[in-house]
Amino acid sequence: MSDRVRINKLPTGIPGLDDVLGGGIPEFSLNLIAGAPGCGKTTLAHQILFANASPERKALYISVLGEPPIKMLRYQQQFSFFDASKIDESVRFLHLGDAAVTGNLAEVFDSIVREVERSSASIVVVDSFRAVVRSAPAERDSEPNLQSFMQKLALHLTSCEATTFLVGEYFEQEKNASNAVFTVADGIIWLYQSMERNSMVRKLQVAKVRGQEQIPGLHTVRISDRGISVFPRLPRPEEPGEHDVPAINPLDHRLSTGVTGLDEMLDGGIPAGYSVLVAGPSGAGKTVLSNQFILEGIKRGEPGVIAVFEKRPNDYLLTTPRGAEFKPLIAAGQLEILYLRPLDLSIDETMVAIREAVTRIGAKRAVIDSLSGLELALAPTFREDFRESLYRMMGALTASGVTIMATVELADSYDGLQFSPQGVAFLTDAIVMQRYIEIGGQLRRGMSVVKIRASGHSKDVQEYEITKDGMRMLADTLQHYDGLLTGSPRLRWAQPQAGSRETK
């Protein structure tokens, strides 16, 4: 079999987009950047251009019938990716308004070809290419003319070894239409923005890219002062290294929660790489337990990350019981507290932020406090598929070798047993449930282990208390009671049999 032709890929300079594309933009390809006004098409094109332009790889940006370059650059230079030193040296801007006004496709083609050859450009952007198409005369043979124009343009730019981007205002209903531009293009990137209630969300889809595998579906996009960032909905797994050791059985390596009695209920601790859901009502001690889990890990040389949604980091440190202990750990790089509460948050942004924090400090443990706060922070459009998104996030994080503890607010209910709102309990590998129990006119707290995948665990409901030093399990205080989960416990005088264990 003959050797295959190797196609080089240009980095886009846009966080997350290379992963979605399958490694970058194929060199010498013809690409369409499409979407409605305001989606970020021009910004995306500029970001790719500045990421690749150099004295050896010159770039030409041709604007057609739109805003002149001086106005466009006035706004684009507000982004951090903009490099003024590249203007004229590596990046040249040209306004092609006069040629496009005539609507003569042959004249437009000649103008583009002439400028590409004159500048020896390796990267060419035509913005807005849709203006060229619209300016063409509406005659019966206009479609064949457009098809011929596109084929000639693609062939010539490829022969000039130029990677080309055509920017155009196309709408969703045109996506499946028969169109010469869509046919000839080697790659098509669609940008969207949608409004729901008072929330606005941007998304991106790679509809087509020849010769490489892209990540399917819609991916969240955010525009900030850094430019565009893309958050892939299915993060590409890390490539295994040649010296990687085989994966170990998580049941052979368990992590202590920092609460001795709870570790015993968990049959020795939380299996490494598992996701654990801590469900309970307000004030039951979910945050206290998650704090001890993180502190215990740091004591054992396992850095941790805490993602919070309801309080800013400083407020969290002031109100959480172990905040004073956290401050020196943050300074030492053993702990990072993430505050994830931008407007219209997405699960994908949350996942990327946590993974980046895990990588920065080499974290082995992570806490999400809480899933209830995360759901409230999401844009309405992402709440509709909260379970699916949460499933993807948990899978991506645990696949990176991190053990996750997530807290969730759960209203006490004595007429039915519920482990989580929205039915997300099955998404985690283990569940620890906290409940309030009224006995003898006192409000007491009980904890039980509902499940641990493939592992034995205690079936007892065990009382615990919260002290200034953290959570502490109280042994055998509830062993003589039945009906603890019904809200009407009954004293059982007979001594209970020795506790047994179950395997799930």
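Predicted model: local features only at pLDDT ≥ 70, side-chain atom pairs only at ≥ 80, totals over all residues.

Local features need pLDDT of at least 70 and side-chain atom pairs count only at pLDDT 80 or more, while totals for chains, interfaces and linings use all residues. Residues are numbered from 1 along each chain as its sequence is written, and side-chain values use heavy atoms, with hydrogens and water left out.

**The pair of helices**

- Helix α10 (residues 286-299) and helix α12 (residues 323-331) pack at an angle of about 40°, with their axes 12 Å apart; axes are lines fitted to C-alpha atoms, for helices over the stretch in contact, and angles run from 0 to 180 degrees between N-to-C directions.
- α10 and α12 are therefore oblique to each other, since angles under 35 degrees count as roughly parallel, over 145 as roughly antiparallel, 65 to 115 as roughly perpendicular and the rest as oblique.
- Asn 291, Leu 295 and Ile 298 of α10 meet Glu 325, Phe 326 and Leu 329 of α12, where contact means heavy atoms within 4.5 Å.

**The open sheet**

- Nine strands form an open sheet with mixed pairing, in the order β5-β4-β6-β7-β3-β8-β9-β10-β11; two strands pair if DSSP finds at least two bridges between them.
- β5 (91-95) and β11 (227-231) stand at the edges with a single partner strand each, so one side of each is left without a neighbour in the sheet.
- Strand β6 (residues 123-127) pairs with strand β7 (residues 163-169) in the parallel sense over five bridges, and the bridge partner of Val 126 in β7 is Leu 166.
- Helix α3 (residues 69-76) lies across β4 (59-63), β5 and β6, and runs at about 135° to β5.

**The β10-β11 hairpin**

- Strand β10 (residues 219-224) pairs with β11 in the antiparallel sense over five bridges, and the two form a hairpin with two residues between them.
- Ser 224 stands opposite Gly 227 in β11.
- Five of the five residues of β11 are buried, so β11 is largely enclosed by the rest of the structure; buried means under 20% relative accessible area, exposed over 50% and partly exposed in between, with a 1.4 Å probe and protein chains only.

**The whole chain**

- The protein chain has 16 helices and 26 strands, which are DSSP runs numbered from the N terminus, helices being H or I of at least four residues and strands E of at least two.
- Of the 504 residues in the protein chain, 53% are buried.
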